[in-house]
Amino acid sequence: SKGNIEDRKLNNLITLQPPNKEYWADPFLVTFNKKKIIFFEVYEFKYKKSKISCCEINNNKIGEVKEVLKLNYHLSYPFVWKENNNFYMIPETSQKKRIEIWLATNFPLEWKLKKILFEGESFADTTFFIDNENNKWLFTNKSVDKFNDHNSELYIYKVQGDNFENIVPHKLNPVITDCRMARNAGKIFYNKKSFLIRPSQMNISNIYGYALNISKIVRLSIDEYIEEKLFTIKPEELNGARGIHHISQEEDFFILDACYNKR
């Protein structure tokens, strides 16, 4: 939909339907050469794992869906950003127990593995962010238990220098320990009032991805982290939805994912 998620005008949303043999999730919106490109997870029921695909959106319609990354392990949450005229992607690779950083060699379809971080540790939904003071941050959800739970704890790391050579953990890690707020749900962004906004998942009632929180980051430094929830979008606000757990806001346009009853 056009507009801003903070206005909560959800009645103008255009629904994009995946084919019957797959589901789509974790959309990230990128503007490139005045085109809107969506990167997203495609779960293929036949293979019981996901790949990353992309498509262009124009006049509320999507173009051809094209494969971007398909590996022998599960991929989701394709966080894409531009830095120093290059495009990078951090897909969720918790099954591989590491964080991978990919560099676009021919954007948006061709990528090569550029860097591996935290080998042997399990992270999900990693979000990279450069603030207005040019500080670089990693927000990520780390599993530290035998249950492979990525919903309950938020970790922050400060990236110093280039190429992710020096990564400093936040003094308060994990900065959030709450399954109702911890897990990332899309790109961190500045709103029209220059407030820093972090989307997060609300995982309650034994439902993964039940609802979507929109929170304002009040303080962010290597020593301190405070965020304040502004509102929660629950599935009842979308006709027939059972869950909503991700948003990508890009200027005056946003895209959500929502879970409906299985067809």
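Author: **The second largest pocket and its surroundings**

The second largest pocket has a lining of 23 residues, and those nearest its centre are Val80, Trp81, Lys187, Ile188 and Glu250. This is a predicted model, in which local features need pLDDT of at least 70 and side-chain atom pairs count only at pLDDT 80 or more, while totals for chains, interfaces and linings use all residues. Residues are numbered from 1 along each chain as its sequence is written, and side-chain values use heavy atoms, with hydrogens and water left out.

A pocket here is an open set of points on a 1 Å grid over the protein atoms alone, with protein on both sides within 12 Å along at least five of seven lines, whereas a cavity is a set where a 1.4 Å probe fits but cannot get out; lining residues have an atom within 4 Å of a point. The second largest pocket holds about 560 Å³ of space, a volume being the space filled by probe spheres set on points joined across faces, edges and corners. Two or more residues of its lining come from each of strand 1 (22-32), strand 6 (76-83), strand 10 (122-130), strand 15 (189-190) and strand 19 (243-250), where strands are DSSP runs (E, at least two residues) numbered from the N terminus. By class the lining comprises 13 nonpolar, 5 polar and 5 charged residues; Ala, Val, Leu, Ile, Met, Phe, Trp, Tyr, Cys and Pro count as nonpolar, Asp, Glu, Lys and Arg as charged, and the others, Gly among them, as polar.

Most residues other than glycine have a negative phi, and most peptide bonds are trans. Tyr77 counts as buried because its relative accessible area is 1%, with buried meaning under 20%, exposed over 50% and partly exposed in between (1.4 Å probe, protein chains only).

The search of the whole structure finds 1 cavity of 30 Å³ or more, and the largest cavity has a volume of about 30 Å³. Its lining consists of Ile90, Pro91, Glu92, Thr93, Arg98, Ile99, Phe123, Ala124, Asp125 and Thr126, with two or more residues supplied by each of strand 7 (86-92) and strand 10. The greatest share, 4 residues, comes from strand 10, and the classes of the lining are 5 nonpolar, 2 polar and 3 charged. Asp125, one of these cavity residues, lies in strand 10 and has a positive phi, near 50 degrees, in a residue other than glycine. With a relative accessibility of 3%, Asp125 is likewise buried.

Returning to the sheet, the loop between strand 8 (99-106) and strand 9 holds Pro108, which is joined to Phe107 by a cis peptide bond with omega of about 5 degrees. A cis peptide bond also joins Asn173 and Pro174, with omega of about -10 degrees, and Pro174 lies in the loop between strand 13 (166-169) and strand 14 (176-177).
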